[in-house]
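Please look over the sequence and the model before reading on.

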2 protein chains.
Amino acid sequence: MGTSIEDRSWRGLKASQRLAQVLARPILTGALREGDRMPNEQEMMLRYEAGRPTVREALRLLEARGLIVLKSGPGGGPIVRRPAKESLGESLSLLLQVEGASFGDVADARRALEPMLARRAAERITPDRLDELDETVRLLRENPGDQQVFTAQNQRFHTLVAQAARSVVLDVFVSSLKALADGVRVGVTYSARKQAAVANAHEAIVAALRSGDPDAADAAMREHLEEAERYWRRRYPDLMGRPVEWTY
Amino acid sequence: MGTSIEDRSWRGLKASQRLAQVLARPILTGALREGDRMPNEQEMMLRYEAGRPTVREALRLLEARGLIVLKSGPGGGPIVRRPAKESLGESLSLLLQVEGASFGDVADARRALEPMLARRAAERITPDRLDELDETVRLLRENPGDQQVFTAQNQRFHTLVAQAARSVVLDVFVSSLKALADGVRVGVTYSARKQAAVANAHEAIVAALRSGDPDAADAAMREHLEEAERYWRRRYPDLMGRPVEWTY
């Protein structure tokens, strides 16, 4: 199977794309680390027997993928970077804007994804992670009305549940939605009373996860997100129709 | 709400990032179209009262996001491009590779997402789309053993179901997984007998969608994907452990 697969994926690629893949390998395998300096244009032309335009385009491709930064000036050249999960969030928000998505569409996707993640988490969660979830609830309770603590611990709670589902792919999706789905970024605030209600909802979800009951975890997360959406619709009637906007 | 939101998202951005957002707006709103030429570096420096490094970095950012292509040489400059859904697939496969994801992880995410999409599609699908789904099944039946028809109509079927769920966000996610999740790309082939079994499974899903029964659609899609995974595990025992690899 080996060679034929290689052949298949290499056929039809431009020289610069092939070179980009060769250059990407040591970064992706971890042989090169964040901050490491790569050979400059001249050295690459010699080493890979490639013309300057090919090398230049290959480096551009790597930069576009977030795998390197090109420093200009003397002593410059390609520096290795590790793409962050959040970088996908940027590409995603851009694409969603091009596709005409609204904040409501993002909320809708969260309501579809997160109950399913809670369901999976109920079967796979570890005691350590349950303790961490407890802590997020405790911090919410100990800081009533504190907007910053609320934002941080609310995001942390949802991230922990997504991670507990142990799906690297779905985790990447939910991470990329996180910034978009967060009402705080578009000006939503939560009263102390509302924050207490969220803490209660989170507590119910943790209880379902602790008992290892997938149906209960699914239902508790669903109810939580539906309640959040009702709150947004009531207090910020325009919010759901707002287009997703590309930001850093 | 308007201004404070603007302030919030602009604070802390570099000049080049702000310029990139300004330049992106007419592309994202459609005022500029694919292939349109934008002002060159010199003109932008004058128009936005920005230094060359700022303009250059802003253009690089837009290029990295797939919103423009920078043509070099005389008569070159920034040309508008429209980012495709598939571009997210590229960023995703790269990120998944960095995160150490396997083909099995992708299959796992599909098994989580697609039954849920089928469930939603059952409530929202139109007669036109049902006809299109019928056609994909008919083409599979009329071309037994044809690998190319099978690949095309199989992908088309799953794409149509995802689109029928009418969630632009989930549609983007599933589109981005499509290339990764496709066994054909990594060398999987399907016998005529297996292809006929897939046609039957697809037909059962279409029947559930036509009857508008979310539970039946969810169950039929789930059974179909589980059967596919059993087939892969049996015929290609190494496949599920294979790391996701970045390709164009």
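## Basis

This is a predicted model, in which local features need pLDDT of at least 70, side-chain atom pairs count only at pLDDT 80 or more, and totals for chains, interfaces and linings use all residues. Residues are numbered from 1 along each chain as its sequence is written, chains are lettered from A and ligands numbered from 1 in the order in which they are written, and side-chain values use heavy atoms, without hydrogens and water.

## Domains of chain A

Chain A has domain 1 (5-80) and domain 2 (85-241), with bounds from an automatic or database domain assignment. Their centres, taken over C-alpha atoms, are 38 Å apart.

## A:Thr136

A:Thr136 belongs to helix 7 (residues 127-142) of chain A; helices are DSSP runs (H or I, at least four residues), numbered from the N terminus. A:Thr136 counts as buried because its relative accessibility is 0%, and buried means under 20% relative accessible area (1.4 Å probe, protein chains only).

Beyond neighbours within four places in sequence, A:Thr136 is in contact with A:Gln153, A:Arg156, A:Phe157 and A:Leu160, where contact means heavy atoms within 4.5 Å.

## A cavity in chain B

The whole structure holds 2 cavities of 30 Å³ or more. A cavity is a set of points, on a 1 Å grid over the protein atoms alone, where a 1.4 Å probe fits but cannot get out; lining residues have an atom within 4 Å of a point. Points are joined across faces, edges and corners, and a volume is the space filled by probe spheres set on them. The second largest cavity has about 40 Å³ of space.

Its lining includes B:Arg110 and B:Trp232. Helix 11 of chain B gives the most to this lining of the second largest cavity, with 4 residues.

Methods:
Helix = DSSP H or I, 4+ residues; strand = E, 2+ residues; numbered from the N terminus. Buried < 20%, exposed > 50% of the residue type's maximum accessible area, 1.4 Å probe, protein only. 1 Å grid on protein atoms, 1.4 Å probe; cavity = no way out; pocket = protein on both sides within 12 Å on 5 of 7 lines; lining within 4 Å.
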